[in-house]
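Morning, everyone. I have one chain to walk through today. Let me put it on the screen.

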Amino acid sequence: MLPTTSLFLLFAVGIAANTVVIRQGPVSLPLARHINATGPNDLVQKDRARAKNLVANIQAIAGRASPGTVVSVGVTNVGVTYEVSVGVGNPQPIVNTLVIDTGSSITWLGAGKPYVKTKSSMQTSNNVFQQYGSRSGAEFYGTEFIDTVTIAPGLVIPSQSIGVASKLVGFEGLSFDGILGIGPVDLTLGALSPAVKSTIPTIVDNLFSQGTITSNIFSVSFEPTTTTSPVKNGELTFGGTDQSKYTGNITYIPITATSPSNEYWGIDQSIRYGTSTTILTKTAGIVDTGTLVTLIATDAFNRYRAATGAVLDSTTGLLRITPAQYSNLKSLFFTTGGTTFELTPNAQIWPRTLNEFIHGTSQYIYLIIGDIGAPSGRGFDFVNGYTFLERFYAVFDTAQHRVGLATTAFTTATSN
């Protein structure tokens with residue numbers, strides 16, 4: 001998170017609760033993207049800091065043994081957030097705007113407005129403390145409550161654990177009220193005190209266990225867009241998939257066995273540029289909605305930069321190429337689960353109509369492949385972020401420990 005004095009580019013995705021589509025089993029919520037640029041923003045630097053914090057979080061969990069131990073969780077990059085309107089309480093739910101984050105697993109609120117107790121609110125004996133990375137300095141201190149959470153009509157959890165903030169550091173000046181964590185449940189280990197050895201079921205876990213959804217699955221769909229106006233450009237589906245949002249078949253990839261990626265939505269993958277240039281041999285990384293660009297290990301990044309002829313732009317932190325280089329840009333091929341997914345040349349560039357919002361130059365062409373900040377071989381060698389997910393449908397399957405990917409109508413779009 002950024003302190004109040006920092007300026008940032010914010011992508012906010014809101015949920016229109018009254019347009020919920022309920023089918024047999026899955027429940028789908030439309031997502032709308034809003035752009036709010038307020039100042040300079042090094043997108044890659046923030047994504048890189050998030051990746052570093054995600055790795056540090058697993059190290060903290062492994063060594064966590066007593067109450068009060070710092071819990072470092074990679075919070076959603078403030079450069080790109082997806083917000084859902086969630087009602088908390090009963091009989092009159094109070095609407096809170098929560099950031100959807102696949103890289104953390106605790107739901108908490110109290111950042112934007114105070115928690116309001118209702119008849120359904122029940123305080124437990126536990127405190128909650130999480131530190132969202134020492135680099136950003138964001139910290140959450142709070143108390144655990146059990147309360148009714150309403151995500152949409154027909155999507156109600158009568159007894160959900162939530163953290164209620166008593167002190168926040170580093171969350172000032174942001175638009176949301178808290179975080180809705182939908183990462184793997186083991187990421188919650190040690191977040192409570194004194195119940196330091198307990199985990200906290202996520203929203204999706206509880207929807208499944210109480211029978212509201214028939215499968216412990218959620219799926220996300222995003223579409224590339226070049227407009228600065230609010231636009232519905234995505235969908236979040238609980239309990240299954242929406243066949244209208246993808247083409248062909250879904251390739252399911254088992255969660256990698258390699259640590260620390262296996263603690264997240266981690267997969268094994270290789271990356272090739274063009275027909276024969278290896279960028280990254282088969283290795284472990286994650287799929288993450290909270291990272292804006294696609295990050296790859298430093299040695300892989302250097303190979304990609306050499307292959308494209310790109311130079312590093314000091315203003316945006318992104319790689320930059322000329323129009324002539326763009327004409328010769330080749331596709332990137334991501335091979336995972338026995339299927340190869342093509343990230344086309346157009347999908348590798350930042351939308352040119354939005355250059356001003358990253359304080360770039362209008363005629364420049366920027367690439368959305370970034371340096372993760374560490375060499376390959378450490379078990380966390382790539383992050384397929386939001387710009388990747390704009391081109392591919394993603395399924396997060398807790399029950400079968402796997403991630404699904406599929407092409408969409410926008411995989412080969414040329415809108416950027």
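Before I count anything, a term. A salt bridge here is a side-chain nitrogen of Lys or Arg within 4 Å of a carboxyl oxygen of Asp or Glu. By that rule, the structure has four of them. And keep in mind that this is a predicted model.

Now the overall picture. The chain runs to 416 residues, and 58% of them count as buried. It contains 26 strands and five helices. Take the contacts in the chain with a separation of 6 or more: 69% of those come from residues 24 or more positions apart. The chain exposes about 15,100 Å². Carbon and sulfur atoms supply 52% of that area.

Back to the salt bridges.

Start with Asp177 and Lys113. Their closest N and O atoms sit 3.2 Å apart. This pair links distant parts of the chain, 64 residues apart. Asp177 is in the loop between strand 9 and strand 10. Lys113 is in the loop between strand 6 and strand 7. Which of these is buried? Asp177 is, because its relative accessibility is 6%, under the 20% cut-off. Lys113, at 30%, counts as partly exposed.

Next, Asp299 with Arg303. Here the closest N and O atoms are 3.3 Å apart. Both belong to helix 3, residues 298-308. They are four residues apart, so about one helical turn separates them. Asp299 is partly exposed, with a relative accessible area of 25%. Arg303 is partly exposed as well, at 35% relative accessibility.

Then Arg402 and Asp397. The closest N and O atoms are 2.9 Å apart. Are these two buried or exposed? Both are buried.

How many residues does the largest nonpolar core have? It has 84. Those with the most contacts inside it are Phe238, Ile296, Tyr304, Leu332, Leu343 and Phe380. Helix 1, residues 43-62, gives the most to this core, with five residues.

Look at Tyr304 for a moment. Set aside its neighbours within four places in sequence. Tyr304 is then in contact with Tyr273, Ile279, Ile296, Leu319, Leu332, Gln348, Leu367 and Ile369.

Notes:
Residues numbered from 1 in each chain as written. Predicted model: local features only at pLDDT ≥ 70, side-chain atom pairs only at ≥ 80, totals over all residues. Heavy atoms only, no water. Helix = DSSP H or I, 4+ residues; strand = E, 2+ residues; numbered from the N terminus. Buried < 20%, exposed > 50% of the residue type's maximum accessible area, 1.4 Å probe, protein only. Contact = heavy atoms within 4.5 Å. Areas by Shrake-Rupley, 256 points an atom, 1.4 Å probe, with all protein chains shown as cover. Core = buried A, V, L, I, M, F, W, Y, C linked by side-chain atoms within 4.5 Å.
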